[in-house]
Amino acid sequence: MKKIEFNDIAPAFYSVLSIVFALITGAVILIFIGKNPLLYFGQLFFQGMFSPLGLVESIIKMAPLLIISAGLLACFSAGLWNIGVEGQFLIGAVLAGWSAPTLASLLPYPIYLLSVAALGAMGGMFWILLPAVLKARYDMNEIITTMMMNWVAINLVTWLVKGPINDPTSVPAQTALIPMEHRLSMIPFTSIHIGLIVGIICLFIMHYVIRKTTLGYEFRVLLSNKRAAFHSGMNVARITIWGLLISGGFAGLAGVSDVLAIKGLFQGDWNPAYGMTAIPLVFLARFNGWAVVPLAFFFSFLSVGGEFVARDQGVPIFFVHILEGLTLLFFAASEYIEKRRAF
Amino acid sequence: MRRIIGTAMTLAIVICFSTSLVLAADLPKLVGLTIPEAGTDKGWNEQGKVGLEAIAAKYGFKMELGEALGYGDIKPTLRDMVKKGSDLIICHASGYQTVAPEIARETGVRVVTTENHKDVTPGLISDIDTQPQGGCYMAGYLAGKMTRSNIVGIVTSGEPPTWNRMSAGFAQGLKASNPGAKLLYSLIGEAAYADAAGAKRNSEDQIAVGADVIFGMGDGASFGMLQACSSKKAKDGGKVWFIDVIGDKSSIDRADVLLSSVLWDMSVVYDEIIQSWKDGSFGKQHWVAMDNGAIRLLEPNKAVPSDVRKEIKDLEAKLKSGAIAVVDIPVAADLHKFLNEHFPK
Amino acid sequence: MSSLMDMALIGAVMASTLRGTTPILLGALGETFVERSGLLNLGLEGMMVAGAFASFLVGFKLDSLMLGFVAAAAVGMILGLLFGFMTITLRVNQIVVGLGITIFAHASCSFLHRVIFGNQFPIMFTAGQTHEVPLLSKIPLIGQPLFNQHWLLYLTFLSVPVLYFIMYKTSLGLRIQAVGETPWAADSSGVNVLKTRYIAILFGGIMGGLAGAFMSLGDLAFFVPNMIMGRGYIAIVVVMLGKWDPLKVFLGALLFGFSMSLTSALQVAGVKVSPDFILMTPYLVVIATLLIFARSTNLPAALCVPYERGQK
């Protein structure tokens, strides 16, 4: 039997350690406002992780994070910063909301699903095309351009649902409702939609692509040394565009999954802002697809369980977001400890 | 033998029926309320929270508040509320109108949706829609009487159906009292409910071109509008009046510019829902409107002359009785069309 | 369209352009130095939120505007220190730390606002006052909009040439540039890389805090959660638009402030376009500007790269 070395479990150990530190800091805050931290955290874990309802809901919430992370793996491992996930998500979602009711009645179920997914993914890719081309041709910083495209997307989709693609039979600004039978199907014997499986498959495909394929190799060269990549004859512009388009495509796909599985239509005010969670998550996972899964679960658990406990204990819901921020910071700090050990 | 079975069945049916009657007469024990923003926003969300608290105290049921849930996936919250034994869940946002009926059908727990007429189901799903245009008609009428420059402005922090209805009602009231008045319309941003700086900027621009009454819809952003009206002078050097919606800000109105407010009282409608629960008619359409007293105008500022007050009172009676019909315009595009037609630029 | 020509509206646009520019410019000027030193601070949004809340809380509770502004600067500096400690000393990923700080600061302020004020939104009536500049404010048309503003607004605009001078003409400015471009070379020529970066991020934090304070106590007179609405991120965009040059950053911030004030002015002037399109203008204008002027962005070479002796 192989002996388990500390180094094998070190990442997990540090992750747990940073969560513990975040919880301790959170406990201090709770004591300050006169709440019992043991009661709070006990219930948080019990309801969010160990009750069937909390567990299932936390797992359902992982799907969009996993799909977005799959795309971010590609662009981050090439050193490209797509901060505009939100915008690409919304464009994918609005296209799904607009096309699904029509396509569902025209096409058989599997083809309908695939075509809506393809449309949403293309929408996401389209939304990052301008930043990608600008980055590739003029080396214009993609952080700023993708961020700008976010705001344009937010205004564009609300204009669309208020006017051109509005469902005239309902009062609010939204698209037509997708009937239950045309939603994403469930994983057999569960109430978890298949978006989760899609997310896991996407994640592992990208994990593999980055480590085993030529494109992935090119991404990694681009990250470590752009000049070397250029001089070794790589087409840097092409790699750059691919890296960004892949991430945009997956973000669009996540939008499709959420509309088809959860919302059932697209609404003007809706913007779940998954990017704020997914972007740090991929960094914390050190671009490792396997590590994304437990991290995504933890953040989903925090938001689901945190909301449950907020109602029970009368602690304002913002406290969960404080925990989320603290966890990110402690996770980041654990990166330092691990790096030091490496020497 | 058959007769015995028949009698037994009849008896069983009668017993079932009467117990269900008894059950129907019972009150809900635990009522859930889901709202998208914090329940302390001095606007839409707080109105729901405060309204239900009042009714919970009146009928002695418990309430469970899920706040700041956003417009995304609230199924986990709803399922948890069901698990905890909620008899009734009120989903106080039009954004929840697909999720709520789905949960109701999945679990059999009664829900109340917002602005969703299609899913109303006897015994299962009730809906609350708002008809605030009557109250806003009075506000517009008042604005038309109080403006000195004949320029009046609407500043809004978004274009959800309720906001649009209020703008439309206000415009019609203004037209009725002052047909020659000019009406400005500014949208601060998409879901800019908290953009106080943007609200101030939009109000100041309207004041700069001569508006001296501002009708503002904005939750947190309203404070920016109030500040603009307090700190800026109208073109003639006089006050710029502010007409608020939903709540009463007189306690922080130090510059005394608050002309009035279109008040909302959700508890009226929640009371109706509990009544329908009691008499077994749960599962119908409810309205936040003038005729049931859920919408009314805050006592106007003391600067309003008594003859105008009297006109407003008369107006109220006419609106309640239906003698004056206010056109209902919930859709943003229709509102823009309406404003362009009736107040050409 | 006639009211577009309205002098009063033009005046209002000028005034609101300046006021809209100020928080973005404050944040962006600080971020210019931060990025020049090799750090990318995505926590700026959070620092602005924290500054807005801290200034209002302290100012309101102690009834002192001055202490409010001091508190904002202090809170901004503390968050800057946190960012610096994590990214400079611990050398962990800047994007993660930045987003972490933003989430943390944003949630903490909403949380504390709830715990301290509940559903009350008190107004600080002494805040938001303007100060007329003698003589200049009497100039017709432009006098009132430009020279009857809050003191922090004047200070912000006056700081632009000063910061330009510091960036290009003082040894501190040159050191900051050096540690952002070639930290190892700066180090070998005797510049303390870590200390220089700390100076930059502390300055950036103070400016971010003040930017928030200008919103809650300078332009307005109250605090509402979510009132910053992405202005911190816009400041980061403006820094890159201005290519890390305080003067160009100033122009970028002004462009943004102007397009924001256009969103309301065009509606008042009766331009017959859907408001949603008008509201897209600031972002479209910036993208267009990028396409026309900023063809290539020469990032500081060591941006986002932690510095460690002996490593290149």
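**Two helices from two chains**

Let me begin where H6(A) meets H12(C): A:Thr145, A:Met148, A:Trp151, A:Val152, A:Asn155, A:Thr158 and A:Trp159 in H6(A) touch C:Asp276, C:Phe277, C:Leu279, C:Met280, C:Tyr283, C:Leu284, C:Val286, C:Ile287 and C:Leu290 in H12(C). Contact here means that the C-beta atoms of two residues, placed from the backbone, lie within 7 Å. Helices (H or I, at least four residues) and strands (E, at least two) are DSSP runs, numbered from the N terminus.

The residues of this contact divide into 12 nonpolar, three polar and one charged. In that count, Ala, Val, Leu, Ile, Met, Phe, Trp, Tyr, Cys and Pro are nonpolar, Asp, Glu, Lys and Arg are charged, and the others, Gly among them, are polar.

A word on the source. This is a predicted model, in which local features need pLDDT of at least 70 and side-chain atom pairs count only at pLDDT 80 or more, while totals for chains, interfaces and linings use all residues. Residues are numbered from 1 along each chain as its sequence is written, and chains are lettered from A and ligands numbered from 1 in the order in which they are written.

How do the axes of H6(A) and H12(C), residues 275–293 of chain C, cross? They come within 9 Å and cross at roughly 155°. Axes are lines fitted to C-alpha atoms, for helices over the stretch in contact, and angles run from 0 to 180 degrees between N-to-C directions. That angle makes H6(A) roughly antiparallel to H12(C). The cut-offs are under 35 degrees for roughly parallel, over 145 for roughly antiparallel, 65 to 115 for roughly perpendicular, and oblique for the rest. The crossing of H6(A) and H12(C) is left-handed; that is, the near helix is turned anticlockwise from the far one by less than a right angle, whereas clockwise would be right-handed.

On the H4(A) side the residues are A:Glu86, A:Gly87, A:Leu90, A:Ile91 and A:Val94, and they meet A:Met149, A:Asn150, A:Ala153, A:Ile154, A:Val157 and A:Leu160 in H6(A). Eight of the residues in this contact are nonpolar, two polar and one charged.

**Chain A and its neighbours**

Taking chain C as a whole, 36 of its residues are in contact with 33 residues of chain A. Helices H4 (94–117), H10 (231–241) and H12 of chain C each give two or more residues to that side. Which element gives the largest share? It is H4(C), with 13 residues. This side of chain C has 25 nonpolar, seven polar and four charged residues.

For chain B, 26 residues are in contact with 24 residues of chain A. Strand E2 (62–66), helix H3 (75–83) and helix H11 (332–342) of chain B each contribute two or more, and H3(B) has the largest share, five residues. The side of chain B divides into 10 nonpolar, seven polar and nine charged.

The largest nonpolar core has 335 residues, of which A:Val282, C:Val237 and C:Val238 touch the most other members. Such a core is a set of buried Ala, Val, Leu, Ile, Met, Phe, Trp, Tyr and Cys residues joined through C-beta atoms within 7 Å. Buried means 20 or more other C-beta atoms within 10 Å of a residue's own, exposed means 12 or fewer, and partly exposed is in between, with C-beta atoms placed from the backbone.

Chain B has 11 helices and 12 strands. Its C-alpha trace spans about 95 × 40 × 35 Å along its principal axes, and 59% of its 345 residues are buried.

**Two loop residues**

A:Arg286 has phi near 50° and sits in the loop between H11 (275–284) and H12 (289–313) of chain A. A:Arg286 is exposed, with 12 other C-beta atoms within 10 Å. B:Asp256 has phi of about 55° and lies in the loop between strands E9 (241–246) and E10 (258–264) of chain B. With 13 other C-beta atoms within 10 Å, B:Asp256 is partly exposed.
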